[in-house]
There are 2 protein chains.
Amino acid sequence: MHITLQRLNDAVHFEGKNDDGNTIHLDGNPNFGGEGKGVRPMQLLLMSLAGCSSMDVVSLLTKMRQTLDDIRVEVNGERDTNEVPPVFKKIHLKFFLKGNLDEEKVTKAISKSVDKYCSVARMLEGKAEISWDYEIESPS
Amino acid sequence: MHITLQRLNDAVHFEGKNDDGNTIHLDGNPNFGGEGKGVRPMQLLLMSLAGCSSMDVVSLLTKMRQTLDDIRVEVNGERDTNEVPPVFKKIHLKFFLKGNLDEEKVTKAISKSVDKYCSVARMLEGKAEISWDYEIESPS
């Protein structure tokens with residue numbers, strides 16, 4: 001798997017690109033000259049984890065013949081500010097699901113995803129404690 | 001640190017957003033219904049690592065009074081396809097730098113960044129072996 005990163009200004013605004021041409025923008029802490037032109041690297045790490053686990057949840061719920069109308073995730077990462085650098089010690093994923101869904105199947109899908117199949121979660125395991133919960137909203 | 005992820009279609013195309021409103025698009029493997037509308041989660045992990053280390057390199061070279069005209073990074077992640085899920089076992093960062101740069105200072109900056117200060121590298125340490133090298137192009 002291959003990606004490139006190219007700086008776009010004189011400071012720390014970068015463009016990331018995959019081999020299919022999909023791009024994202026990154027920028028840094030204002031202390032480093034960041035100008036808010038993109039997502040911070042540690043925020044990107046949380047998005048990577050949320051994306052990986054959500055995609056697994058969608059796939060598992062589909063296999064379980066559940067109708068998922070919407071899915072949103074809120075992620076909070078708690079950094080250890082006593083450490084240099086301040087890595088994440090705890091990451092919490094809260095899934096908001098909409099649809100005609102069986103609670104037991106939702107619990108099983110999220111657990112299988114976060115605790116087993118999500119590659120990004122496996123990469124962070126042992127460094128950050130990853131927890132999750134969810135809310136189901138009825139179909140409108 | 002807080003981010004949100006919202007699904008945008010009926011499959012696995014998501015938008016990630018930070019609290020400043022910066023957004024990125026993620027999409028999944030075609031086997032999961034991915035349609036190539038965004039970066040894959042594991043690609044995002046590589047971009048997060050490349051961004052974090054590049055920003056540190058820029059900051060360190062500035063402190064060392066080096067003139068950096070351009071910086072680009074090529075990242076290759078090698079996944080362990082015998083494992084489920086196939087996590088990265090090796091990640092290589094190749095930095096391409098342009099400017100009037102002292103080789104010794106460049107080596108020191110990259111080493112301090114990747115091997116010490118970059119938060120994302122610290123999070124992946126022990127799971128993936130992270131290596132790096134660089135090329136300096138003379139200013140045009």
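User: Which domains does the domain assignment of chain A give?

Analyst: Some conventions come before the reading. This is a predicted model, in which local features need pLDDT of at least 70 and side-chain atom pairs count only at pLDDT 80 or more, while totals for chains, interfaces and linings use all residues. Residues are numbered from 1 along each chain as its sequence is written, chains are lettered from A and ligands numbered from 1 in the order in which they are written, and side-chain values use heavy atoms, with hydrogens and water left out. Domain bounds come from an automatic or database domain assignment. For chain A that assignment gives domain 1 (3-32) and domain 2 (41-137). The C-alpha centres of domain 1 of chain A and domain 2 of chain A are 25 Å apart.

User: How many helices and strands are there in chain A?

Analyst: Helices (H or I, at least four residues) and strands (E, at least two) are DSSP runs, numbered from the N terminus. Chain A has 3 helices and 6 strands, in the order β-β-β-α-β-β-α-α-β from the N terminus on. The C-alpha trace of chain A spans about 50 × 40 × 30 Å along its principal axes.

User: What rotation superposes chain A on chain B?

Analyst: Copies are superposed by least squares on the C-alpha atoms of residues with pLDDT of at least 70 in both. Here a rotation of 180°, with 0.0 Å of shift along its axis, places chain A on chain B with an RMSD of 0.0 Å. The two copies are therefore related as by a two-fold rotation axis. The same surface serves both copies, since 100% of the contact residues of chain A (contact meaning heavy atoms within 4.5 Å) recur in chain B.

User: How much area do chain A and chain B bury between them?

Analyst: The size of an interface is often given as the accessible area lost when the parts come together. That area is taken with a 1.4 Å probe and summed over both parts. Chain A and chain B bury about 5900 Å², 66% of it on carbon and sulfur atoms. In chain A, M1(A), M55(A) and M123(A) lose the most area to chain B, together 16% of what that side buries. The contact takes 67 residues from chain A and 67 residues from chain B.

User: Which element supplies the largest share of the side of chain A that touches chain B?

Analyst: That element is α1(A), with 16 residues.

User: Where is P85(A) found, and what is the peptide bond from V84(A) to P85(A)?

Analyst: Most residues other than glycine have a negative phi, and most peptide bonds are trans. P85(A) is found in the loop between β4 and β5 (88-100) of chain A, and the bond from V84(A) to P85(A) is cis, with omega near -5°. In chain B, a cis peptide bond likewise joins V84(B) and P85(B), with omega about -5°. As for phi, R65(A) has a positive value of about 55° although it is not a glycine; R65(A) is in the loop between α1 and β4 of chain A.

Conventions: Buried area is the accessible area (1.4 Å probe) that two parts lose on being put together, summed over both.
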